[in-house]
Structures are given as C-alpha cells and as structure tokens.
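Here is a short briefing on one protein chain. Please keep the sequence and the 3D view open while reading.

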Amino acid sequence: MGLRNSMLEVALILAVTCSVAVAYDPLDPTGNITIKWDIVSWTPDGYVAMVTMNNYQQYRQIMAPGWTLGWSWAKKEVIWSIVGAQATEQGDCSKFKGGIPHSCKHTPSIVDLLPGVPYNQQIANCCKGGVISAYGQDPAGALSAFQVSVGLAGTTNKTVKLPKNFTLMGPGLGYTCGPATVVPSTVYWSADHRRKTQSLMTWTVTCTYSQQLASRYPTCCVSFSSFYNSTIVPCAKCACGCGSRKAAARSAGRGGNSHSDGCIMGDSKRALTPGVNTPKKDGASLLQCTNHMCPIRVHWHVKLNYKDYWRAKIAVTNFNYRMNYTQWTLVAQHPNLNNVTEVFSFQYKPLLPYGNINDTGMFYGLKLYNDLLMEAGPFGNVQSEVLMRKDDNTFTFSQGWAFPRKIYFNGDECKMPPPDSYPYLPNSAPLATPRSALASACLLLLLLLLVA
C-alpha cells in the first residue's frame with residue numbers, strides 16, 4: 001500500500017509539472033493574459049466592476065471572431081447590466097417580477113461588442129469584436145474592457161465572493177486560467193495628476209496559452225533553400241496532420257462536426273468560384289491541397305553573400321481560403337539576429353526573453369501596406385529580406401548555421417525540417433575559376449612560345 005501511495009504521489013507531481021510546462025513558452029516566458037476586476041462602486045444588492053483584459057504576450061494576439069470569457073458564480077449572482085460587452089445567453093430569469101437582469105446564468109459567457117455600436121453601449125477599450133493585439137506589436141491595442149453590474153452579491157469586501165472556474169477562448173482552445181486572487185486595489189489618478197483614488201476591491205486572474213491544448217498538430221511549417229545549393233528543402237509531408245484532415249473531410253461528408261472541409265487544388269475551378277473565401281460559422285477551414293497540408297508555410301532562403309554581410313529572404317504563404325491574418329506576427333530564433341542591419345519591408349523588433357541573449361526577433365507587417373495576410377490565392381503571401389552583418393567568430397554557411405532554429409507564426413511554433421535535410425555547402429570548390437583557368441592557359445602558351 002505504501003508503494004502504491006508513493007507511485008500515486010509521483011504521478012500527481014508529474015501531472016502538475018507537465019501541465020505547467022505545457023503552457024510555458026521559452027521565447028516568451030512571462031507572456032500571459034491578465035484579467036482584472038476592479039469594484040468601483042457598491043449597489044443595493046451588489047457592485048459595479050470594471051473588467052480589463054491585458055494581453056502581455058509579446059507575439060500572440062487574439063484574432064477574429066475574438067475572445068469569449070466565462071466563469072462560475074460563487075453564489076446566486078446575476079448580471080443586471082453590462083456596458084462594452086454582452087452575455088451570449090440570458091438564462092432563466094423567471095423569478096424576477098420587476099426588472100429583468102441581462103443574464104441569470106450561473107455560468108455566463110461574455111463576448112465583446114462589434115465596432116459601431118451606439119455610444120451609450122460603449123466604454124473605453126471596448127467594442128473591437130474581441131480582437132486584442134499582441135503586446136510586443138501594439139501595446140495600446142493589447143487590452144479590452146467592459147463594465148458589469150452584479151446583483152445578489154455581497155456589498156462589502158468581506159461578503160463579496162470571487163467568481164470561480166474562469167475560462168478564456170481566444171477564439172478557440174488553448175488558454176488555461178488560474179483561480180481569482182485578491183490583490184492590492186488599483187490606483188487611479190485624476191487628469192491633472194493632483195488627486196489619487198482607488199478601487200474598492202480588486203482581484204486578478206491569469207490565463208496562459210498552450211499550443212498542445214489548442215491543436216493536436218502544428219498550424220504552420222517551414223521550408224528552406226539557398227544560393228549555394230540547388231536543393232529546396234520542402235515542408236515535411238503531412239506536417240500539419242494529413243490523416244486528421246482526411247478524417248475530418250470524411251466526417252463532413254457524413255454530416256458530422258468538422259473543423260475542416262478538406263482541400264481543393266489551387267488551379268481548380270472551385271478555387272475561383274464566388275464565395276469560396278466566405279468563412280463558415282463553425283470556423284471550418286478550406287485548404288489548398290499540398291504535400292504538407294498546413295494553413296501557413298514560412299520559407300527561409302539564403303539569398304546573397306557579401307564580404308561583410310549576408311542576406312536572407314523570408315516569404316509567408318497562406319493556404320487557407322477562408323482565413324486572412326490581420327496584424328500577423330512572425331518570430332525567428334537565429335544566432336545572427338544580434339547583427340540585423342536592415343529589414344526591407346517588415347517591421348522588426350528584437351525579443352530579449354533572457355536578458356543579454358539577443359538571438360530572437362519578431363517580424364510583422366507595415367501598417368496599411370502588408371500587415372494583412374490575405375486568403376489563399378495570388379495575393380495570399382507577404383515577403384521581405386533581412387540584411388545581417390557577419391560575425392567572424394561565429395559566421396558560417398556550413399552545417400545549416402544560416403537557417404533559423406525556431407519559427408513561430410501568430411504565436412504557434414511551426415514544424416521545422418529535420419536537421420539532416422538542410423541545404424549544405426559543396427564538398428569542395430572548383431580548382432580554378434574560368435577566368436583564372438584562361439589566364440593560366442595564356443601564360444602556358446606564352447612560355448611555350450618563348451621556349452620555341
């Protein structure tokens with residue numbers, strides 16, 4: 001019995017450790033979404049709270065159709081009213097004879113309002129359709145907020161019970177939220193910074209992202225090529241799970257639930273039919289048929305070699321006919337990113353997750369130029385070139401050094417080719433270039449003439 005208990009304890013420790021490790025991103029170790037509740041006033045049967053969602057992830061945003069925030073009430077609370085967002089369901093409010101609450105559900109789900117709603121329904125930092133920018137790309141747009149009036153709740157700091165079981169869809173799976181924790185009250189300054197006020201009570205919830213929870217397979221892949229080798233290393237076959245997509249297509253044919261409608265050939269008539277780019281309500285994708293079956297491919301090409309510099313070309317291609325990517329991000333880990341000299345048509349920002357180790361950087365599009373990656377088709381790609389200075393102590397083209405160690409697109413790690421398939425340098429250079437060979441021949445002919 002003692003051995004069995006010990007084994008159970010070890011299994012529990014491993015489970016906890018693995019669950020924490022799964023949500024840890026080594027390139028963004030402190031990235032999370034923090035949800036903060038500030039009680040700003042008491043009401044006869046509850047309180048009014050300002051709820052703010054701050055995205056502290058450097059390169060992972062929340063795309064359309066946006067976030068969905070849920071929780072379980074600790075008692076029998078209801079939402080009397082809400083500004084800047086709305087509950088997806090009202091629930092059973094039959095016991096209320098007078099005013100009807102906005103939501104009576106014990107487990108409400110809250111979504112952001114769309115842009116353009118009437119001003120009396122808006123509040124600061126709301127109404128963006130649930131879209132939240134990545135903090136490293138757009139700090140001002142990396143937050144969302146709404147105000148909620150809660151009834152049948154406590155009316156003092158000691159009687160208020162914190163909500164439980166927080167969930168965050170962003171917009172799909174992937175986020176895990178911890179318990180609510182009471183923290184020091186938020187401080188507010190007046191416009192002239194001469195008066196300071198504070199919330200009556202504050203608690204926070206931290207949500208972290210795990211790619212393994214979001215998707216069983218990668219959502220992007222990487223391919224390589226170089227000027228010194230004619231070999232093009234493609235994305236790995238079925239890098240994003242061909243088997244699962246075939247099963248999904250069969251399920252869709254039987255009328256079952258599916259996240260994919262299969263694939264179509266890029267040169268087929270179906271790819272040109274009107275409405276092929278219209279998103280489905282269930283979010284089902286429609287991919288171009290490829291060997292890798294990934295929605296996104298990132299191609300890294302070692303383009304040119306100068307005396308003191310070298311140049312790489314980066315191209316991102318979208319193979320999903322029903323998805324475009326607004327404010328996309330691309331993260332690369334490469335030892336020579338500490339010597340980036342110029343990036344030609346992308347924005348570039350170094351990421352320093354571990355202080356002085358400058359080997360990771362984020363690329364993203366120029367606003368109103370290429371910050372929108374269109375759906376699959378002739379315009380479904382963005383590309384740029386990067387110029388880097390050579391470091392004599394580390395620079396080499398051999399052993400795949402010129403290619404990145406990791407690539408992330410929109411916060412998800414892409415499937416890399418196997419290391420032994422990287423383009424390699426030729427074993428030896430020609431003994432003489434054509435010009436030197438011609439000079440040698442001329443010299444030999446001159447010597448023969450002199451001897452004769």
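This is a predicted model: local features need pLDDT of at least 70, side-chain atom pairs count only at pLDDT 80 or more; totals for chains, interfaces and linings use all residues.

The protein chain has 452 residues, and 43% of them count as buried. Its secondary structure comes to 4 helices and 28 strands.

**Whole chain**
- The protein chain exposes about 24,500 Å².
- Take the contacts with a separation of 6 or more: 70% of them join residues 24 or more positions apart.

**An open sheet**
- An open sheet is formed by 6 strands, in the order β15-β14-β18-β19-β26-β22.
- The pairing in this sheet is mixed.
- Its edge strands are β15 (229-233) and β22 (340-343), and each pairs on one side only.
- From one strand to the next, the twist averages 20°.

**The β19-β26 pair**
- Strand β19 covers residues 309-318, and strand β26 covers residues 381-389.
- The two strands run antiparallel and are joined by 9 bridges.
- Val316 has Val382 in β26 as its bridge partner.

**Cys242**
- Cys242 is found in helix α3, which spans residues 242-253.
- Cys242 has a relative accessible area of 9%. Buried means under 20%, so Cys242 counts as buried.
- Beyond its neighbours within four places in sequence, Cys242 is in contact with Asn291, His292 and Met293.
- Cys294 lies 52 residues from Cys242 along the chain, and their C-alpha atoms are separated by 8.8 Å.

Terms used. Residues are numbered from 1 along each chain as its sequence is written. Side-chain values use heavy atoms; hydrogens and water are left out. Buried means under 20% relative accessible area, exposed over 50%, partly exposed in between (1.4 Å probe, protein chains only). Contact means heavy atoms within 4.5 Å. Accessible areas come from the Shrake-Rupley method with a 1.4 Å probe; for residues, only the protein chains shown count as cover. Two strands pair if DSSP finds at least two bridges between them. Axes are lines fitted to C-alpha atoms, for helices over the stretch in contact, and angles run from 0 to 180 degrees between N-to-C directions.
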